[in-house]
Amino acid sequence: MNLLTSLGWRADRAAHLAALGDPALQAARVVRVAPGLYDLIGEGDLPAAHLCGALLDHPDPLARPGVGDWVAVRDGVIQHVFPRDTTFVRKGVGRSSAPQLVCANVDVVLAVTTCGRDFNPRRLERYVAAIYGGGATPVIVLNKTDLVDDIAGRVEAARDAAPGVAVVAMSALRDADLTPLAPYLAPGTTLALLGSSGVGKSTLVNRLLGEAAMATGDVRGGDEKGRHTTTQRVLHRAPGDVVVIDTPGMRELGLWRADEGLADTFPDVEAAAASCRFRDCRHDGEPGCGVAAAIEAGELDADRAASHRQLERELAREAIRDDARLARAREAEWKAVTRGMRTRRKLNRKLGLKDF
Ligand SMILES: Nc1nc2c(ncn2[C@@H]2O[C@H](COP(=O)(O)OP(=O)(O)OP(=O)(O)O)[C@@H](O)[C@H]2O)c(=O)[nH]1
Ligand SMILES: [Mg+2]
Ligand SMILES: [Zn+2]
């Protein structure tokens, strides 16, 4: 397998590159992003690249490449981002509501969590909804099985939080072999590890790579929370033509346009909701509510229904904010265009030329 193929290069991507019609363009994959600078991997020695003006100025932050993206580069400048198979997008943290591309073109996302004290099924629902929402396949990794006695209880709680999603219980530190992960390590696969700080993502990445490429850090004694050891997303080549992306632990994961992902994560709630009397039922005390009936009948967990409702509200709020943000970005772009037209007209008049 040549280098590009082992990184996930395919015939459709080659056709896309050819269609760009510039033989000087070279295909590469984004390994790491520093402000304004993109580390790439591809044939030959590729220097860190910059973005072309159009990508730099693009009003949509998701138009710019992220780790895992395929790009076309010429003379150290990224000219084009290839269409993505999948994305993992989160809502920007802090005051910014702009979406943030965490990684792109990932086939399988390992949602890593600990079996220890920080285990939280509600958080898992969030991850799985975001993963499904971006089109990748989620796999839940319950790490640090060595810390608990009741592993089966954790597995069951994870299964309940994400019906139909594969759950792998393991110890990245202690297990002698990683066979349970083998189904997700087919040649050509890109894998990303996501989760809170301290759950063992980098420990597992190092195991997959067979070398200590990533630094790992202690967790706090009291609550077993991590110390945010990894600070950058990094793409690695693992043995067996697998690509692995390590990411910094997330403090919070805000959903962004993940309505379908939410439906996929909560098939049980969706099924119960199908029998609600009102199509726009919010499952919040309305008469004839199928969700309430399922809870009443003991068929559905009330916490889970509440969690679904909360995430749905969050998405609705976010969609409104995001539309407003996009509208502002478009307005700014339009202003720049009209400003340009005005200057051009003035100049034309000065030179005695006709407007075009
Ligand atoms: N007991 C136990 N500890 C583990 C296991 N896997 C990882 N650890 C430890 O957990 C701590 C955190 O591991 P990291 O791999 O740095 O965690 P991380 O998810 O990469 O954290 P951030 O980079 O901060 O997001 C380290 O001390 C690891 O040795 C495990 O299976 N069992
Ligand atoms: Mg780490
Ligand atoms: Zn209802």
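**View 1. Helix H4 is mostly covered, with twelve of its 14 residues buried.** The view is taken from a predicted model. The buried positions of H4 include Pro121, Leu124, Glu125 and Arg126. Also buried in H4 are Tyr127, Val128, Ala129, Ala130, Ile131, Tyr132, Gly133 and Gly134. Helix H4 comprises residues 121-134 and reaches 20 Å from its first C-alpha to its last, close to the 20 Å expected at 1.5 Å a residue. An α-helix has 3.6 residues a turn, so residues three or four places apart point the same way.

**View 2. An open sheet is formed by five strands.** Their order is S2-S1-S4-S5-S3, and the pairing is mixed. Strands S2 (37-41) and S3 (50-51) stand at the edges; each has a single partner strand, so one side of each is left without a neighbour in the sheet.

**View 3. Strand S3 is joined to strand S5 by two bridges.** Strand S5 spans residues 77-81, and the two strands run parallel. Histidine 50 has valine 77, in S5, as its bridge partner. In general, strands of a sheet pair through backbone hydrogen bonds, either parallel or antiparallel.

**View 4. Ligand 1 is surrounded by 25 residues.** The closest of these residues are Gly200, Ser202, Thr216, Thr230 and Gly249. By class, the shell around ligand 1 divides into 14 polar, six nonpolar and five charged residues. Helix H6 (residues 201-209) contributes the largest share of this shell, namely three residues.

Terms used. Residues numbered from 1 in each chain as written. Chains lettered and ligands numbered in written order. Predicted model: local features only at pLDDT ≥ 70, side-chain atom pairs only at ≥ 80, totals over all residues. Near = placed C-beta within 6 Å. Helix = DSSP H or I, 4+ residues; strand = E, 2+ residues; numbered from the N terminus. Nonpolar A, V, L, I, M, F, W, Y, C, P; charged D, E, K, R; others polar. Expected span 1.5 Å × (residues − 1). Buried ≥ 20, exposed ≤ 12 C-beta atoms within 10 Å, placed from the backbone. Pairing = 2+ DSSP bridges.
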